[in-house]
Amino acid sequence: MEIIDILLTANFWAAALRIATPLIFGVLGALICERAGVLNLGIEGIFTAGAMAGWMAVWLGAGLWGGVLVAALAGGFFGLIHAILTVPLGLSQHVSGIGVTLLATSLSYFTYRTALPDVTSPPRIIPFQPLDIPILSDLPFIGPALFSQTALTMLALVMVFVTGWVLYRTPLGLAIRAVGDNPSAVEAQGLSVYALRIGAVVAGSALMAVGGAFLTMSAFDAFFFGMINGRGWVCIALTVFASWRPGKALLGALLFGAFDAFQVRLQTEVGAFLPSQVFLMMPYLLSIAALIIVARKADYPKALLVPWFKGQR
Amino acid sequence: MSSAATPSTETSPQLLLKLAAITKRFGPLIANDAIDLDVHRGEIVALLGENGAGKTTLMNILFGHYVADEGAVMVAGADDNILATLEPGAPQAALDAGIGMVHQHFTLAENLTGLDNIVLGTEPIFRLRRDRTKARAKLDHLMSGSGLNVDLNQPVHKLTVGEKQRVEILKALYRDARLLVLDEPTAVLTPQEADSLFAILRKLAATGLAVIIIAHKLAEVLAVSHRIAILRGGKKVGEMTTDQADRRSIAELMVGRDVPISKRRERTPGAEVISLHNITIDRGDARRSLHNVSLLAREGEILGIAGVSGNGQAALAQLIAGLDRPDSGTVEIFGEPVTKFDAHQFAQNGIARIPEDRHHDGMIGSMTVAENIAIEDVRSRDYQKFGFLDFDAIRKRAEHAIADYDVRCPGPDAPARLLSGGNIQKLILARVLEKSPKLILANQPSRGLDVGAQSEVHRRLLEAREGGAAVILISEDLDELLTLSDQIAVIHAGHVSPVIAAGDIDRSELGLMMAGQKKNEHNADTRAAGGPA
């Protein structure tokens, strides 16, 4: 009975949304890249780079929004590397993506260690604070669950809408969806396949990095090693789960967040019977299960992973 | 379809496009050798030639996909009729000059609607909204004027091939194309769809649109064009107005020599080799499903299966090759019901296949010619020594095959991917026919081949028939079916019509059946209309 009660508390849903926030950024970023036909396995490293760069910028006195901007730029930079390797050069997207993950992760750790050689406990910044919106934050249930989150969570939710609008309501989004399905069609209509794909990968990577920055600037207040902990890979799976649609991406991220928040609470309720690792495993197991159900029917962007070269048909 | 339309010459025809001495080299190969071509307003020009003659290269230069090494493309201005040189290597410049191209492989994004595909790239890209009212009005006008009707709100993947082609043509017209280039436009259409396409093109030409059709089928070229230019080996070898053209001389110009035409000799069929009884395969997808199909293939007989691709041919071919099992119904080989559907077992029983997609299913590109020849028989004792492959034996057989079947390749050790489509098909024929199979399943055996290779395929199939093999010929080429088949059945949406004997086949009726009309219905119609009963 208590287990069901957990699901009815505002506190639980607030935690679910908090856990989901970096994933929302990540899935949106990944789906923008993939809609244009490029798988971005650099996501795990880009998360790390965003977390590190954003935090360090704030620590050096750039201000919180300055930090978000720096994180986005760092993500865009690594996205550009991945884009150049995979789009005009047409290299394997898998290999390049994993390379970018290794590079971005190592470079972040290296920068952190070089900048702070003698630090034993990670320095802290003052992170984004929960919003206090008049009236809305005082609403029962939905107030604490939704309107008392930090500004970055609000930004994530806004980005779901913005991404959806751009993809489905603007000429740019039309071109991005077309280039991920049949780049020759885009070329034949006089648009640049390379520019669209590179642009989409850079923009998507910038979004991923902001997801990373959420961890060091909102969820926590410091950067430490290993803090991304596979969140990037979860986003790649969630992208398939979401069928490359922003609305479903939000749903998938929330589902994962809810599983994660649930297992933490479950541990304290019935933790005595089972080792804690079983609970930690739960959201991932459920993700795999959800993926098996959804992904078998998934309608992949047709040109995903397929390099396209100018003048070759 | 009967005779060529005359050009619309109320006003003197104005020169719209001039290709002047276009030369393009790829390494040592000269793809285009000083080709000149003029196209006037309101004129339909057919560009004829075999594969590798340089047609597509020439059009890619026109459209800015390639840059010519020498020569220039000149287009008359929209307002002033003054010829101006087109910027080379810039598709956007070609689009702006009013050149629209419909590629053989459609360049449509299948996840978008027809409307989205047409509008893509024509509106400023950084806009917060899309405004479609103007586009829609313009397209409605274009559609009603030309008869190019298609539901533009459907995602492209839901459209038929003919409809996709209409979207492609609309795409060009929407951009105010004054010259429309169509690359092998009828390759994927039923005869009826092709006729309706030609009617549309004539209507459009009458309004002043210039059209270039790239083709290799003579009949349709003669039906629709005003003028014919023939390419061979990168050179323009002939040009004539269509009313002066005759089939035989064009064929010779295209091939450069006399083309032997295979003739089927009368022969009484022998025992039955394979028979299908009430086969149903339901895979939820029309391409892969069959409904209550019964067929019979006999020794020394070619059974033609006519149909537009994607109507269940794939399912039928898979079944006969032992690659799939029926949900219900029985298959008998030499009168014995099959219990185990296994490709190897079927091959052991003498069933050989010429697969539809020769590059994908017919060979392994990274393996050598010799390995590809032996690949279906690696379990055979002939190619083994102490349990290892005997490469000497394999190479010897490959050398024979190369010589006997005139496979043009650097040698038995060359990777198969270096071979042209025609030579790959010869390689497959060598592999299949050398084993004297009892049944040959030939799925689109001459699709995409040039006239020379095509006649070679036909000769070999007829030879096998003479030798007593049963042949099941799946094709969408009516000429091929009518030349080779003793009997023809039509496949449509997974249903197979009753078999018609070769003598009783009426071309246009076959076309209607391929489009889904039943033979009886059609007869009833003609009878009602006072036609021959």
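| Residue class | Lining of the second largest pocket |
|---|---|
| Nonpolar | 14 residues |
| Polar | eight residues |

The model is predicted. In it, the second largest pocket holds about 780 Å³ of space. Its lining has 31 residues. Closest to the pocket centre are Ala343(B), Ala347(B), Glu376(B), Asp377(B) and Lys435(B).

Which elements of chain B each supply at least two residues of this lining? They are α10 (343-348) and β16 (351-354). The largest share comes from α10(B), which gives five residues.

Next, the domains. Chain B is divided in two: domain 1 (272-362 + 436-529) and domain 2 (364-418). The C-alpha centres of these two domains of chain B lie 29 Å apart. Why does the second largest pocket lie between domain 1 and domain 2 of chain B? Both domains give residues to its lining, so the pocket lies between them.

Now the interface between the chains. On the chain A side, 24 residues are in contact with 31 residues of chain B. The size of an interface is often given as the accessible area lost when the parts come together. Between chain A and chain B, the buried area is about 2,300 Å². Carbon and sulfur atoms give 59% of that area. How many salt bridges are counted between chain A and chain B? The count is zero.

Notes. Residues are numbered from 1 along each chain as its sequence is written. Chains are lettered from A and ligands numbered from 1 in the order in which they are written. This is a predicted model: local features need pLDDT of at least 70, side-chain atom pairs count only at pLDDT 80 or more; totals for chains, interfaces and linings use all residues. Side-chain values use heavy atoms; hydrogens and water are left out. On a 1 Å grid over the protein atoms alone, a cavity is a set of points where a 1.4 Å probe fits but cannot get out, and a pocket is an open set with protein on both sides within 12 Å along at least five of seven lines; lining residues have an atom within 4 Å of a point. Grid points are joined across faces, edges and corners, and a volume is the space filled by probe spheres set on the points. Helices (H or I, at least four residues) and strands (E, at least two) are DSSP runs, numbered from the N terminus. Ala, Val, Leu, Ile, Met, Phe, Trp, Tyr, Cys and Pro count as nonpolar, Asp, Glu, Lys and Arg as charged, and the others, Gly among them, as polar. Domain bounds come from an automatic or database domain assignment. Contact means heavy atoms within 4.5 Å. Buried area is the accessible area (1.4 Å probe) that two parts lose on being put together, summed over both. A salt bridge is a side-chain nitrogen of Lys or Arg within 4 Å of a carboxyl oxygen of Asp or Glu.
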